[in-house]
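Hi everyone, thanks for coming.

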Amino acid sequence: MLILSGKDLSAIVKAETAGKCRLFENRFSRKPCLAVVLVGTDPASQTYVRSKKKACEELGIAHLDIEFASDITQTQLLECVADLNANPLVDGILVQMPLPRHIDELAVTEAIDPAKDVDGFHPQNIGKLLLGQRSLVACTPKGVLRILDHYGIQTDGKDVCIIGRSNIVGKPMAALLMQRDRNATVTVCHSRTKDLASYVRRADIVIAAVGCVNAITADMVKDGAVVIDVGINRIPDPTKKTGFALKGDVDYENVSKKASAITPVPGGVGPMTIGMLMENTFLAACYREGADPSEFGGAV
Ligand code: NAD
């Protein structure tokens, strides 16, 4: 059984991206730049934002930090996004979700210039992804594909079962895997799926993005399947300094006995998401400068 370490792979991706960013800076006399917008004081969002800024610093990507109190109006936030769209030094814009209830997340996502949409959530980028055109691709599904590629797991002709149909994971994941360069047969399951186990059981590759501990158990998985656990669930744990432990959607202990390969949580898909965000920022910077990213070495 192979443990698919997103932690190790993300270190490789980050080192490669750092090298490309150095070459970018030599050529354009500036670093790629990511604007990170945080609204409110949600602890999980604060942690994610901190990790993203830290990764920028490690890789030689400039970051512009913008923080607002949770009572900011939608108009003020949209004005901020418009300013970042117009700022020639900003290559990528990330507005950390979730936003307070009084702000329409879709309106904010749609306000971001698609060329700076490093999260890959803008309808224009999602549409291009579906059509198989070049776009900025959502970081988590892109990270999952990178894990499969790195560990030599083929998707051609394979049955893939994705559990979860969110706009940020399940749907873009399905769109990527059904493209001609991937050739998977994709099934997307969700909360209204009848007899979930019957779909999971026939899959060569299972991708769980549910947000529920033990949603995928060993009896649901066929022998030798590849299992990708996207879920990140915080479980209270007084023995931890943070007061919680991170668990995936998959019953790792038992499923790992049947799977041929599996991602752990933590250390699986999570670290890849940040790695892909850094790569997307580099890509956005290249496209904005009219440069071909492949000129900076490596495959992207
Ligand atoms: P979401 O809540 O938007 O979507 C969850 C999906 O699961 C829904 O489509 C729902 O229909 C489906 N679902 C819920 N209960 C189900 C059930 N019993 N059976 C089948 N399907 C069911 O969540 P999301 O944003 O896609 O995130 C999913 C999980 O992935 C969460 O744990 C989240 O924290 C994690 N996540 C991780 C990363 C990462 O970097 N690793 C990134 C994004 C999300």
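Let's begin at Thr 273: an N or O atom in its side chain sits 2.6 Å from an oxygen atom of the ligand. That is a polar contact, a pair of N or O atoms within 3.5 Å. On its own, the ligand has 850 Å² of accessible area, and the protein covers 69% of that. Such areas come from the Shrake-Rupley method with a 1.4 Å probe; for residues, only the protein chains shown count as cover.

Before we go on, this is a predicted model, where local features need pLDDT of at least 70 and side-chain atom pairs count only at pLDDT 80 or more, while totals for chains, interfaces and linings use all residues. Residues are numbered from 1 along each chain as its sequence is written, and side-chain values use heavy atoms, leaving out hydrogens and water.

Backbone atoms take part too. For Ile 232, a backbone N or O atom lies 3.0 Å from a ligand oxygen atom, and for Val 230, a polar backbone atom is 3.3 Å from a ligand nitrogen atom.

How many residues surround the ligand? There are 20, counting those with a heavy atom within 4 Å of it, and the closest include Arg 165 and Ser 191. Helix α10, residues 269-289, gives the most to this shell, with three residues. Helices here are DSSP runs (H or I, at least four residues), numbered from the N terminus.

Finally, Tyr 252 is in helix α9, residues 252-255. Tyr 252 is partly exposed, with a relative accessible area of 30%; buried means under 20%, exposed over 50%, and partly exposed in between.

How values were computed: Helix = DSSP H or I, 4+ residues; strand = E, 2+ residues; numbered from the N terminus. Buried < 20%, exposed > 50% of the residue type's maximum accessible area, 1.4 Å probe, protein only. Polar contact = N/O pair within 3.5 Å; in protein donor to acceptor, adjacent residues only side chain to side chain.
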